[in-house]
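Have the model open while you read.

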Amino acid sequence: MAERNLTIHGSALSGGGVFHYVTIRGDAMIRGDIECDRLKVFGAADMKGAVAARTFRLFGQANVDGPVQAEKMGVFGEVDIRGHARLGHLQLRGMAQVEGGLEADAIRGYGELSVSGSCEAESVALTGVVHIGQTLNAEQVELSLCFADSSVKEIGGRTIRIKQGKTWKAVHWLTRLSPLTAVLVADTIEGDDIYLEHTKAAVVRGDRVTIGPGCEIGLVEYRMAFAQDEQAAVKEKRQR
Amino acid sequence: MEPELISKKELLELTGISYGQLYRWKRKKLIPEEWFIRKSTFTGQETFFPKEKILARIEKIKELKDELSLDELAGVFAPNPAAVVLTREEIVKRHIVSDLVLQWLDDEWGGRQDVSFAELLSLYIVDRLLRSGEISIEEGKNIWRMFGSHYPKLQGKSCELVVLRKMGVTVSFLVEGTAALHVEEGAKLIARLHVPTYIEELKLAISEG
């Protein structure tokens, strides 16, 4: 990696390039691809090009008009990626929006994750809201639904657990009068071990399936075990 | 003809693998995205696969998964051109190029068994030209030599192979990128091939075997 560093304080414009460290404190526009060891943004960054970094930490807001590649990415705030994201570890506190596909080893955190394409990871553990346009494919999926409804077209994996998230006391007190709970809407959910709460799905297929409270499922196909909460509605179930 | 399809459910029953395994293999790119064919049925959307291909692939994965890690396996199925080395035997078995051009290889290297992707690519392209009937065997051999000595220099870059003939004399060369060609009168443009297209074709031919 290059020896040069890029540091922006205040407001500035850069053409991008290859750097060791890139630090933005304030507001920057980067017109070009950027490649570096460590990219830190405190404030706002508008990047019109690809980003490749070993670590990418964002405190504030960033737009990336291009693909993103990072071994570690931390979002504390909001990121908007228009392109494919290939990440090692994604830590989310806030909101991440990807217009394209998202590939990662591990995704965890709180907030909202929106992916227009498919999201593939070894493990996904999120509390909050998830919107995935195509497939959420992960070895382990653990979603705690809260704040608002989530939607995923198709979920596939080994272990899938969808639960109702515990909201904080203060939020809970504010929303205690509303009868609404956050739900997940999906077309198909397929996995080996499946546990669902507050999920509306057309088809659920798996080896061991447990349908918990608040679910509305069209068809369940299971192989070894099936259990259903009394507060769940399952139209049809078959053992295969 | 449409290839015969198999539904996901039937596939799992037939092969004894679980949803988790199937999704893991897809994630690791052991099963190409294009094989997941989504169709509407009366129960909603269902996923189908080309039967013959997917069964052969799963058989192969099961066979190799104890010896290789999933990432290594992915390398086997998604050929990275630089890393692919085929043996002469495999090339013959998969009918990638004709015996005629393979014979050149033997003449040149005298019984070497391993063929790299770039070497195979040059044979493949010349073989296609020969089959089209546009060039003679002798011309093919010259094009093959030219390709072999110049192509490595622009490794990775997109290029075109151009073959010209005038008064029975043939000249071939590689052009980086795509450029407009303006050729003198009386010369005939025999072939102009976009090399990346053939790379894709060859990759497919290799991975389907």
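**Notes on the cavity and the A–B interface**

1. The largest cavity is lined by Met73(A), Val75(A), Val79(A), Ile81(A), Ala85(A), Leu87(A), Leu90(A), Ala96(A), Val98(A), Leu102(A) and Leu113(A). Here a cavity is a set of points, on a 1 Å grid over the protein atoms alone, where a 1.4 Å probe fits but cannot get out, and lining residues have an atom within 4 Å of a point.

2. Before going further, some ground rules: this is a predicted model, local features need pLDDT of at least 70, side-chain atom pairs count only at pLDDT 80 or more, and totals for chains, interfaces and linings use all residues. Residues are numbered from 1 along each chain as its sequence is written, chains are lettered from A in the order in which they are written, and side-chain values use heavy atoms, with hydrogens and water left out.

3. Back to the cavity: its space is about 40 Å³, taking volume as the space filled by probe spheres set on points joined across faces, edges and corners. The count is one cavity of 30 Å³ or more.

4. Which strands supply at least two residues each of that lining? They are β6 (68–81), β7 (85–98) and β8 (102–115) of chain A, with strands being DSSP runs (E, at least two residues) numbered from the N terminus. β7(A) gives the largest share, five residues. By class, the lining has 11 nonpolar residues, no polar and no charged (Ala, Val, Leu, Ile, Met, Phe, Trp, Tyr, Cys and Pro are nonpolar; Asp, Glu, Lys and Arg charged; the others polar).

5. Now the interface: 25 residues of chain A are in contact with 19 of chain B (heavy atoms within 4.5 Å). About 1800 Å² is buried between the two chains, 37% of it from carbon and sulfur atoms; that is the accessible area (1.4 Å probe) lost on putting the parts together, summed over both. On chain A, Asn137(A), Arg205(A) and Arg240(A) lose the most area to chain B, together 25% of what that side buries.

6. Another links Lys29(B) to Glu120(A), with the closest N and O atoms 3.8 Å apart.

Terms used. On a 1 Å grid over the protein atoms alone, a cavity is a set of points where a 1.4 Å probe fits but cannot get out, and a pocket is an open set with protein on both sides within 12 Å along at least five of seven lines; lining residues have an atom within 4 Å of a point. Helices (H or I, at least four residues) and strands (E, at least two) are DSSP runs, numbered from the N terminus. A salt bridge is a side-chain nitrogen of Lys or Arg within 4 Å of a carboxyl oxygen of Asp or Glu.
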